[in-house]
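We will go from stop to stop, picking residues and looking at what surrounds them.

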Amino acid sequence: MQYIEFKNINKTYVSIRALKNISFTARAGEVCALVGENGAGKSTLLKILSGDIQPDSGSIFIDGKEKHFKSPQEAITSGISVIYQERQIVPFLTVAENVFMEELPIKKNQLIDFNKLNKCTQKIIDDFNLPIDPTDRVNDISVAYQQMVEIMKAYRRNSQIIAFDEPTSSLSDSEIDMLFKVIRKLKEEGKVIIYVSHRLKEIFQISETVVVLKDGVYIAKVETTKTSEQELIRYMIGRDLGDVFKSLRRNKNIGDVILEVKGVNSDRVSDISFKIHEGEILGFAGLVGAGRTETMRAIFGADILNSGEIWINNKHVRIKDPSSAIVEGLGLCPEDRSSEGVIKSRSVKENISISILKKICRQGFIDFKREENIIKNEVNNLGIKTPSLQTEIIELSGGNQQKVLLARWLVSNAKILILDEPTRGIDVGAKVEIYQLILDLASKGLGIIFISSELSEIIGLSDNIVVMREGRITGFLKGEEATEEKILTLAMLK
């Protein structure tokens with residue numbers, strides 16, 4: 001195996017040109033990163049590579065031989081594996097059963113040879129130096145190890161071309177390090193690695209070359225060591241991003257206290273107390289496992305509140321579950337947008353209107369005209385890009401899915417929004433849109449709780465900052481005095 005070449009790949013959906021004459025080469029023994037804003041065409045290209053969809057025109061060449069994949073199975077047979085964000089695993093089966101799914105060893109009596117199955121799987125686990133067991137049920141291991149099961153499956157097939165689609169979106173730093181070790185092993189064995197990610201820092205850690213797409217068009221291919229983040233951003237969005245936070249319109253009118261949390265305790269957090277005002281963006285910072293998400297789940301009624309008080313507009317409220325939180329004017333955009341936020345099988349309209357079913361129902365039936373008017377207005381206000389309100393939400397980019405979640409709470413007249421990692425998995429251009437949306441919502445008097453692992457976001461957007469460590473608050477900082485050093489000091493205090 002020497003290389004794979006994409007040559008003049010074109011794909012159009014109705015009137016939208018997803019890919020236009022895409023041509024580039026990725027070579028064995030290197031990681032070729034694929035970057036671009038949401039809608040640049042990265043996912044479409046991976047679907048063509050995997051045989052999931054066919055191009056309108058153009059060809060794929062592997063070592064000079066032209067290939068056309070009419071199905072994913074044809075692509076797999078040709079030595080191609082694509083590791084998607086949505087894992088292709090059977091959760092109630094074991095690691096070994098998932099790895100050898102299409103090629104289970106069979107005894108003479110036609111029963112599965114589990115001894116051989118587990119032994120062969122253990123060899124791959126040892127090759128990857130992973131602390132899991134062939135007999136572990138996939139549902140019982142972490143997201144990171146589930147992803148490793150996907151990679152082991154590709155390794156067992158002896159795939160020569162392995163593509164990764166946003167592989168680190170749900171991983172911690174230590175898990176990312178583990179993934180990178182495995183990718184480097186695959187690279188050393190002469191595999192072609194195509195790596196799609198919005199995280200530019202990772203691109204510089206793992207890749208040798210970077211291909212940039214914009215609006216379905218090939219822009220450039222550069223060597224990683226000869227470029228910079230700013231140059232890649234210029235290629236991706238057509239301009240220098242600069243200091244985006246200085247260019248954003250900010251809210252200067254902070255009102256009265258809208259939410260006060262007093263001494264909240266759950267099974268995961270202890271003695272949490274803070275206030276947020278109308279029009280304020282209150283940032284929550286901390287390392288992985290600090291308890292930020294768990295704090296918000298307790299406040300929102302998703303986790304049991306053992307003790308403590310929640311006051312909204314100077315009124316003591318009892319939040320027993322998310323439904324009662326919504327009644328009190330709270331809205332939560334969760335950290336795991338894919339599994340806890342959007343309803344994948346439902347349309348954009350249904351994902352928004354789920355928060356106002358009582359409002360749009362008459363005598364037990366939905367008033368569809370009223371529903372559509374309300375939703376259409378919010379879609380226009382937030383600039384949600386969707387072919388129609390009936391489009392399944394899973395067809396939208398990450399940035400537009402996040403806007404749909406915001407719309408869900410705005411139509412419900414939420415006064416306090418909890419945004420947990422709202423820019424995770426979103427490209428740099430879409431991030432700026434989300435930043436300005438957050439600031440615009442604050443200017444309308446909403447209280448915004450903003451959780452992010454990116455300190456530049458926390459410092460750039462927050463009026464005030466809460467820092468947490470191991471389920472407790474370790475300090476408060478005013479936005480203008482906050483620095484990365486001060487935040488990290490509080491986040492790492494013993």
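The tour visits aromatic rings, then helices, then cysteines.

Before you start, note that this is a predicted model, in which local features need pLDDT of at least 70, side-chain atom pairs count only at pLDDT 80 or more, and totals for chains, interfaces and linings use all residues. Residues are numbered from 1 along each chain as its sequence is written, and side-chain values use heavy atoms, with hydrogens and water left out.

**Stop 1: aromatic rings**

The structure holds six aromatic pairs (rings of Phe, Tyr and Trp, the last by its six-membered ring, with centres within 6.5 Å; planes under 30 degrees apart are stacked, over 60 edge-to-face, the rest tilted). Select Phe6 and Phe24: their ring centres are 4.9 Å apart and the planes meet at 35°, so this pair is tilted. Phe6 belongs to strand S1 (residues 3–13) and Phe24 to strand S2 (residues 16–27), 18 residues apart. Strands and helices here are DSSP runs numbered from the N terminus (E, at least two residues, for strands; H or I, at least four, for helices). Both Phe6 and Phe24 are buried (under 20% relative accessible area; over 50% is exposed and in between is partly exposed, with a 1.4 Å probe and protein chains only).

Next, select Phe164 and Tyr195. Their centres lie 6.5 Å apart with planes at 45°, so this pair is tilted too. Phe164 sits in strand S7 (residues 161–165) and Tyr195 in strand S8 (residues 192–196), so the pair ties together parts 31 residues apart in sequence. Phe164 and Tyr195 are both buried.

**Stop 2**

Show helix H15 (residues 368–382) and helix H16 (residues 398–411), whose axes come within 10 Å and cross at roughly 130°. That makes H15 oblique to H16 (under 35 degrees is roughly parallel, over 145 roughly antiparallel, 65 to 115 roughly perpendicular, the rest oblique). Axes are lines fitted to C-alpha atoms over the stretch in contact, and angles run from 0 to 180 degrees between N-to-C directions.

**Stop 3: cysteines**

Finish with Cys333, which is buried at a relative accessible area of 0%, and Cys361, which is partly exposed at 29%. Across the whole structure, a search finds zero disulfides (pairs of cysteine sulfur atoms within 2.5 Å).
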